[in-house]
Amino acid sequence: MSEVDCNVVLERLWAFLDGETDEASCRELEAHIEACLHCRNHADFERRLRAVIQAKCRDERAPLALRAALDRLLSGSQ
């Protein structure tokens, strides 16, 4: 089993699945997920959920008002 524990894996799982972790963290998380049935099941569920959401929302666009509000939040001006 890897050095990281299940709590660390679950905290970083979304960043890992989004490819936002550095190479060393990615290897640690992959090793843990491969060895830990609980975390592997969780990661598999998240991957399947993302695939379903992506497939179902492929042609959907957020309303203009929502996009504008998100842009303001991300830019720090509200």
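Asp 44 is partly exposed, with a relative accessible area of 29%, where partly exposed covers the range between buried (under 20% relative accessible area) and exposed (over 50%), with a 1.4 Å probe and protein chains only. The model is predicted, so that local features need pLDDT of at least 70 and side-chain atom pairs count only at pLDDT 80 or more, whereas totals for chains, interfaces and linings use all residues. Residues are numbered from 1 along each chain as its sequence is written, and side-chain values use heavy atoms, with hydrogens and water left out.

Asp 44 pairs with Arg 47 in a salt bridge whose closest N and O atoms are 3.4 Å apart; the term denotes a side-chain nitrogen of Lys or Arg within 4 Å of a carboxyl oxygen of Asp or Glu. Both residues lie in helix H3 (residues 37-56), three residues apart, and are therefore separated by about one helical turn. Helices here are DSSP runs (H or I, at least four residues), numbered from the N terminus. Arg 47 is likewise partly exposed, at 39% relative accessible area.

| Salt bridge | N to O distance |
|---|---|
| Arg 47 and Asp 44 | 3.4 Å |
| Arg 27 and Glu 23 | 2.9 Å |
| Glu 28 and Arg 12 | 4.0 Å |

Side chains of opposite charge can pair when their charged atoms come close. In helix H2, Arg 27 and Glu 23 are four residues apart, and so about one helical turn separates them. Glu 23 is exposed, with a relative accessible area of 61%, while Arg 27 is partly exposed at 47%.

Glu 28 forms its salt bridge with Arg 12, at 4.0 Å between the closest N and O atoms. This pair links distant parts of the chain, since Glu 28 belongs to helix H2 (residues 23-35) and Arg 12 to helix H1 (residues 6-17), 16 residues apart. Glu 28 counts as partly exposed at 31% relative accessibility, and Arg 12 is partly exposed at 32%.

A nonpolar patch on the surface is formed by Leu 66, Leu 70, Leu 73 and Leu 74, which together have about 420 Å² of accessible area. Patches consist of residues with over 30% relative accessible area and no salt bridge, like charges being joined within 9 Å and nonpolar side chains (Val, Leu, Ile, Met, Phe, Trp, Tyr) within 5 Å; accessible areas come from the Shrake-Rupley method with a 1.4 Å probe, and for residues only the protein chains shown count as cover.

Notes: Helices (H or I, at least four residues) and strands (E, at least two) are DSSP runs, numbered from the N terminus.
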